[in-house]
Amino acid sequence: KMAAAAGAAAAAGLWSEVNRCGQNGDFARALKSVNKILQINKDDVTALQCKVVCLIQNGNFKEALGVINTHAKVLTSDVIAFEKAYCEYRLNRIESALKTIQSASQQTDKLKELYGQVLYRLERYDDCLAAYRDLIRNSQDEYEEERKTNLSAVVAAQSTWEKVVPEDLGLREATYELCYNSACALIGQGKLNEAMKKLQKAEELCRQSLSEDSDVTEEDIEAELAIIHGQMAYIMQLQGRTEDALQLYNQIIKLKPTDVGLLAVIANNIITINKDQNVFDSKKKVKLTNAEGVEHKLSKKQLQAIEFNKALLAMYTNQADQCRKLSASLQSQSPEHLLPVLIQAAQLCREKQHAKAVGLLQDFADQHPANAAEIKLTMAQLKIAQGSVTKACMILRSIEELQHKPGMVSALVTMYSHEEDIDSAIEVFTQAIQWYQQYQARTNRGCCVFQPKSPVHLSLIREAANFKLKHGRKKEAISDLEELWKQNPKDVHTLAQLISAYSLVDPEKAKVLSKHLPSSDTMSLKVDVDALENSHGATYVRKKAGKLTGDNQQKEQGQGEVKKKKKKKKGKLPKNYDPKVTPDPERWLPMRERSYYRGRKKGKKKDQVGKGTQGSTTTGSSELDASRTASSPPTSPRPGSGAAVSATSNVIPPRHQKPAGAPATKKKQQQKKKKGAKGGW
């Protein structure tokens, strides 16, 4: 009895220690006291519960879960359901946590909160939204703001990953978290400009909120803003502002944020910007996507996108085996997904195995008919690249759901025309027109009033008629033109085409139809000729007559209009013109035809000394003395003159003078006047 009393007294003291340490937040010390209590009574339920709580507070979730499983007989689900589920949640055993919560006999508020978090991690957003709505409706405490933040996060996830248009929950965006989640929801709807404004507001609220705490540094604020800046960069990337986005992404990486999920997303986005360029940087960035714990921070679609980009990067860096391995793994995870097969086909094409790539795509199209259209479009592109245009057309025509689309019809007609297969091109038009006729028949079946042909249907008929006329198929075009004219009898253009076609096939019918053409009076265009002539693009503009006054007006009335004489423009005189000097009469002749032309002389003037007959010179030595010439810049020497013109008081301009060195014995050549020369003086 005395031992029992002593043990009870010791236990009471230990419990007091546990209580005091718990209030102070010293859970490590509290754990020591709890362990001493368990030494006294190893099956004490309260002590075991306290031990689990202390371990959870210290972050030892695995050890805490071990204690729960070891003492499962004592710690039943009714006693410790929340703690067990929380440990499983933190250890990323999400499915186990969900089972633990659902197996609890009583759903407490704590379990409901954790249930919402578990559903979010499992990406069951509809159930999660209902859980948080129930929590907000039935609870009033200091955590209401956090619940609203979580609710807005669920709405943002639905908008982003499930493309669900979010409903207005009436949440007041008083915190930067709510603003951020609202911006994410807008991004999911494609409202990028509105989302950017929300993010800017979130940044402002975040700075205001954190700056109120004196212990928070600027580095802490920038670290908190990293996720907001990351979304801003993502919007820039979607808007095509890749340089701005890349700069902001790199700024965030330099901050070295602790969130491995954020780093993985930014690294992936940089890789998508680099594409097949700057692969060395991409290979460095891809390491950030392999960090530990990334798979628990991102959604399934985010992780899948990262894996796709890894496979593409392997292809761009010529790592064929790695590319095949990654794409095969992706295909096994998502057999119905298109991208893994397309990546494998692209890798085969890089290896010049086009036939194997087409076979791979055909197998996928046969196994997954729902995705066959996109696969067949890729197959057709490969056939065109190989030069097999006819086979590409066959593949495209096998896509039944696209046969009637104007884009498909246009592509097929263009390709068949390139191959000069006009019959097949006309057949494409005919099938498309028949599809719209059958569709209209189905529509009219349930209507009392006859529905007119759709604009697309009429457009196809017109294009078919124009195509047939262009290629000389007049008889085939007539039926299409008659159908068009029947739909719109006032269409003069169609009627004119119909008459033109009949004129070559049935002239009498053309004459009958020509009576339906409007008369020339009704077709006359009301055109203001004066306005047309004076318009900006007119090649001829009539000059407006000036106002006549006085005697001129009377003269105009009496004698009629008198043509104004054109004034001759005075010829421009050269700058060095001297009226005292007689102009050179041969100035209009080409230099070679002038009487004083002696041919082109090569070399400098010093080379001319000593030339001519033996013992004679063409000029005197005094004329060769450069020191005796004028200091002012001399004029250019005349052809045939061996010396520079000396400076005198009465200089004759070179164009008006004859060269001094022209020989007297040289006969003057007959003067020839150039045709079209302007009159001089």
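**Entry: α6 against α7.** From α6, I found I94, A97, L98 and I101; on the α7 side they meet L111, L114, Y115, V118, L119 and R121. Helix α6 covers residues 94–103 and helix α7 covers residues 109–121. I took helices as DSSP runs of H or I with at least four residues, and strands as E runs of at least two, numbered from the N terminus. The axes of α6 and α7 come within 10 Å and cross at roughly 145 degrees. Axes here are lines fitted to C-alpha atoms, for helices over the stretch in contact, and angles run from 0 to 180 degrees between N-to-C directions. The crossing of α6 and α7 is left-handed, the term for a near helix turned anticlockwise from the far one by less than a right angle (clockwise would be right-handed).

**Entry: ground rules.** I reminded myself that this is a predicted model, in which local features need pLDDT of at least 70, side-chain atom pairs count only at pLDDT 80 or more, and totals for chains, interfaces and linings use all residues. Residues are numbered from 1 along each chain as its sequence is written, and side-chain values use heavy atoms, with hydrogens and water left out.

**Entry: α3 against α4.** At what angle do α3 and α4 pack? I noted about 165 degrees, with the axes 8 Å apart, for α3 (residues 45–57) and α4 (residues 61–70). The two are therefore roughly antiparallel; the cut-offs are over 145 degrees for that label, under 35 for roughly parallel, 65 to 115 for roughly perpendicular, and oblique for the rest. The crossing of α3 and α4 is left-handed. On the α3 side I listed L48, K51, V52, L55 and I56, which meet F61, E63, A64, V67 and I68 of α4.

**Entry: cysteines.** How many disulfides does the whole structure hold? My search found 0, counting a pair of cysteine sulfur atoms within 2.5 Å. For C54, the closest cysteine sulfur is in C50, at 6.5 Å, which is too far for a bond. C54 is buried at 5% relative accessible area, and C128 is buried at 0%. Buried means under 20%, exposed over 50%, and partly exposed in between (1.4 Å probe, protein chains only).

**Entry: two positive phi values.** I then went through the loops. N318 has phi near 60 degrees, positive in a residue other than glycine. N318 is in the loop between α16 (300–316) and α17 (320–333), and counts as exposed at 61% relative accessibility. K352, also not a glycine, has a positive phi of about 65 degrees. K352 belongs to the loop between α18 (338–350) and α19 (354–367), and is exposed at 68%.

**Entry: D244.** I found D244 in helix α13 (residues 242–254). Is D244 buried, exposed or partly exposed? At 37% relative accessibility, D244 counts as partly exposed.

**Entry: the whole protein.** The protein has 30 helices and 0 strands. Of its 681 residues, 34% are buried. Among contacts between residues at least 6 apart in sequence, 51% join residues at least 24 apart. The protein exposes about 44100 Å², with 51% supplied by carbon and sulfur atoms; accessible areas come from the Shrake-Rupley method with a 1.4 Å probe, and for residues only the protein chains shown count as cover.

Key. Contact means heavy atoms within 4.5 Å.
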